[in-house]
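Biologist: Please take a close look at one part of this model. Keep it brisk.

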Amino acid sequence: MNRKLGAFSLAAVMAGGCSNPDLASVRRDKVAAMASHAGEAMIPESRVADASLHAPAAQPEPPAQPQRDRKLIRNGEITLEVKSVESALAGLAETVRTIGGQSTNQIERQNQYGVRTASLTWLVPAARLDAAIAAIRALGQPKELSLKTEDVTTSYFDVTVRIDTQKQLERQLVALLGRASNRLSDLLEIEREVARVREEIDRLEGRVRLWDSQLAMSSVVITLTEPTPIAARTGGPLTTLIRSFGAAGENFVLTLAALVAAAGSALPVMLLLAGPVWLAVRAWRRHRAAAAPAPAQ
């Protein structure tokens with residue numbers, strides 16, 4: 001009877017662990033054939049019914065477990081404008097050692113105008129990510145800042161449950177390998193299933209290890225840039241000089257046009273005032289001439 005029950009449990013385990021329905025059906029047939037060789041009699045229905053009468057009452061479900069810690073993966077990116085990339089890199093090297101992280105993937109560049117840029121990646125303890133961002137911001141003028149948080153809580157615990165299930169299946173399959181009644185074909189089939197289950201366990205455990213490393217250490221991508229000179233923003237020194245002369249000519253023309261416009265606006269007023277002024281000056285001259293004494297003979 002024990003052999004028959006063990007054979008039926010193998011059928012259930014292998015059918016549940018197999019992802020391919022056809023392969024699961026073939027394995028169930030094999031296990032059924034193994035059960036037919038056991039030669040044990042089935043348990044009478046009367047004994048089953050009697051056993052069910054004396055079965056213990058169902059136990060109440062255990063209380064719900066408290067909510068587990070959230071699994072949050074936090075990363076950041078920051079672009080910083082600094083006066084000197086070289087000085088900023090030295091300051092960052094000292095800061096990352098103080099925080100307890102490490103710097104990786106450092107790249108430095110310099111363009112034709114002598115402007116230097118650098119990019120590097122920090123790996124810092126996740127609990128000190130905010131302190132790391134604050135220390136970086138103090139070295140220059142932040143131009144762009146991005147903080148990303150990924151919640152992997154559900155996926156993390158789903159994978160851990162799958163690992164436990166696969167390990168239990170592995171232990172059951174390994175126990176079946178030690179049966180004396182196994183035929184060579186049964187042993188080969190069970191060994192193939194053990195190898196498949198072990199491969200799945202290794203894959204899932206690798207995913208958990210990756211998550212653990214990302215949860216423990218946060219990454220910060222840092223980009224440093226120096227201020228761009230005016231010549232670089234306008235296309236070069238010669239182009240900048242030509243544009244300056246052009247701007248000066250345009251300003252001269254605009255000033256002259258403003259003067260002409262102002263003169264045109266004041267001309268009618270000047271004409272209106274010119275007549276009375278001319279008449280007043282003429283009358284003053286006549287009065288002065290009349291009042292002057294005649295010359296002596």
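Predicted model: local features only at pLDDT ≥ 70, side-chain atom pairs only at ≥ 80, totals over all residues.

Is Leu 273 buried or exposed?

Modeller: Residues are numbered from 1 along each chain as its sequence is written, and side-chain values use heavy atoms, without hydrogens or water.

Leu 273 counts as exposed because its relative accessibility is 56%. The cut-offs are under 20% for buried and over 50% for exposed, with partly exposed in between (1.4 Å probe, protein chains only). Leu 273 lies in helix H9, residues 237-291. Helices are DSSP runs of H or I, at least four residues, numbered from the N terminus.

Now helix H7. Its 33 residues, 184-216, should span 48 Å at 1.5 Å a residue, and its end C-alpha atoms are 48 Å apart, which agrees. The expected span is 1.5 Å times one less than the number of residues. Buried residues in H7 include Ile 190, Val 197, Leu 204 and Trp 211.

Charged side chains are buried there too. Glu 189 has a relative accessible area of 10%, and Glu 200 has 18%. Both form salt bridges (a side-chain nitrogen of Lys or Arg within 4 Å of a carboxyl oxygen of Asp or Glu). Glu 189 meets Arg 192 at 2.8 Å, N to O. The two are three residues apart in H7, about one helical turn. Arg 192 is partly exposed at 49%. Glu 200 pairs with Arg 162, with the closest N and O atoms 3.0 Å apart. That pair links distant parts of the chain: Arg 162 sits in helix H6 (residues 153-177), 38 residues from Glu 200. Arg 162 is partly exposed, at 38% relative accessibility.
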